[in-house]
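Work through the exercises below with the sequence and the model open. Try each task before reading its solution.

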Amino acid sequence: EMFKEKLQNNRETLTILDSFKSPYQKIDLCKLKPSNSSVLLLNGEVQYIEGIEKEYHDWLVGYPLSSLPFARNVAIIGGGDGLAIRNAMMTNPKLNIKLLELDPMMIQLAKRDPEMLKLNEGFINSSNVDIKIGDAGKTIHSLENGMYDLITMDVSDYSPETKHLYSGRFCHIIKDKLKNGGMISAFSGG
C-alpha cells in the first residue's frame with residue numbers, strides 16, 4: 001500500500017522501460033520521471049519503488065535479524081528481486097540464505113538487469129545464496145526441519161494464486177523448519 005500511495009500522491013510520470021511475460025506473471029521494469037527512481041510492477045501492481053523499498057525490507061528482514069544476533073540460516077519465500085537478500089546480508093554477511101522463488105525469469109532479471117543489480121547490490125549472486133525455483137508450497141519441503149533462524153515471506157498479498165502460502169497448513173510447515181527461538185516475518189498490505 002505504501003508504494004501505491006507514493007505513486008498516487010506523486011506528480012511524476014511512470015515510464016515502462018522493458019516488459020516481460022513469464023508463465024506466472026507480467027513483469028514491467030519502469031522509471032519514474034523526473035526522479036529517475038526504478039519501479040518494478042508485477043501484473044500491474046507495484047512491487048517496489050527505489051528509495052522507499054529499503055524501509056519495507058528493513059521491517060521484513062533487517063529488524064527481525066537484528067534481534068537474532070547469532071542467526072546463520074535464513075529462508076526467504078518469494079523475494080526474487082533480491083532485495084530481501086540484500087537487507088539480510090547487510091545485517092549479517094555470514095548468513096546462509098535459501099531463496100524459494102516461483103518465477104525463474106525474476107531471478108534472471110535480478111541477476112542480470114543493471115537497475116535490479118544496482119538495487120540488490122549483487123547480493124543475489126553471493127555464494128551464500130541457494131535458490132530453489134518452484135512453488136513454495138512444494139519447495140518448502142526441501143528445507144531441513146529445525147534449521148532456520150528466520151523465515152520471511154516476501155510474496156504478493158493474499159490472492160487466489162497465493163492463498164496456499166497463507167494457509168494454516170503452510171504455516172505449520174514453516175514452523176517446523178525453524179530452530180527453537182526462530183522467527184517468521186511477513187508483511188500484509190491489508
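**Exercise 1: A helix and its surroundings**

The buried residues of α7 pack against β5 (73–78), α6 (136–139), β8 (148–154) and β9 (178–186). The model is a predicted one.

Task: Find which residues of helix α7 (residues 168–177) are buried, and state which exposed residues the face turned away from the buried side carries.

Solution.
1. Apply the cut-off: a residue counts as buried under 20% relative accessible area and as exposed over 50%.
2. In α7, the buried residues are Phe170, Ile173, Ile174 and Lys177.
3. Around the axis these residues cover an arc of only 100 degrees, so they lie on the same side of α7.
4. Arg169, His172 and Lys175 are exposed, and they sit on the face of α7 turned away from its buried side.

**Exercise 2: An open sheet**

Task: Give the order of the four strands in the open sheet, and explain why one side of β1 and of β4 is left without a neighbour in the sheet.

Solution.
1. The order is β1-β2-β3-β4, with antiparallel pairing.
2. β1 (13–21) and β4 (45–49) are at the edges; each has a single partner strand, and therefore one side of each has no neighbour in the sheet.
3. On average, neighbouring strands of this sheet are turned by 25 degrees against each other, direction ignored.

**Exercise 3: Pairing and cover**

Task: How many bridges join β1 and β2, and which helix lies across β1, β2 and β3?

Solution.
1. β1 pairs with β2 (residues 26–33) in the antiparallel sense over eight bridges.
2. As one case, Leu14 has Leu32 in β2 as its bridge partner.
3. Helix α4 (residues 104–112) lies across β1, β2 and β3 (38–42), and runs at about 35 degrees to β2.

Technical notes: Residues are numbered from 1 along each chain as its sequence is written. This is a predicted model: local features need pLDDT of at least 70, side-chain atom pairs count only at pLDDT 80 or more; totals for chains, interfaces and linings use all residues. Side-chain values use heavy atoms; hydrogens and water are left out. Two strands pair if DSSP finds at least two bridges between them. Helices (H or I, at least four residues) and strands (E, at least two) are DSSP runs, numbered from the N terminus. Axes are lines fitted to C-alpha atoms, for helices over the stretch in contact, and angles run from 0 to 180 degrees between N-to-C directions. Contact means heavy atoms within 4.5 Å. Buried means under 20% relative accessible area, exposed over 50%, partly exposed in between (1.4 Å probe, protein chains only). The arc is that of the directions from the helix axis to the C-beta atoms.
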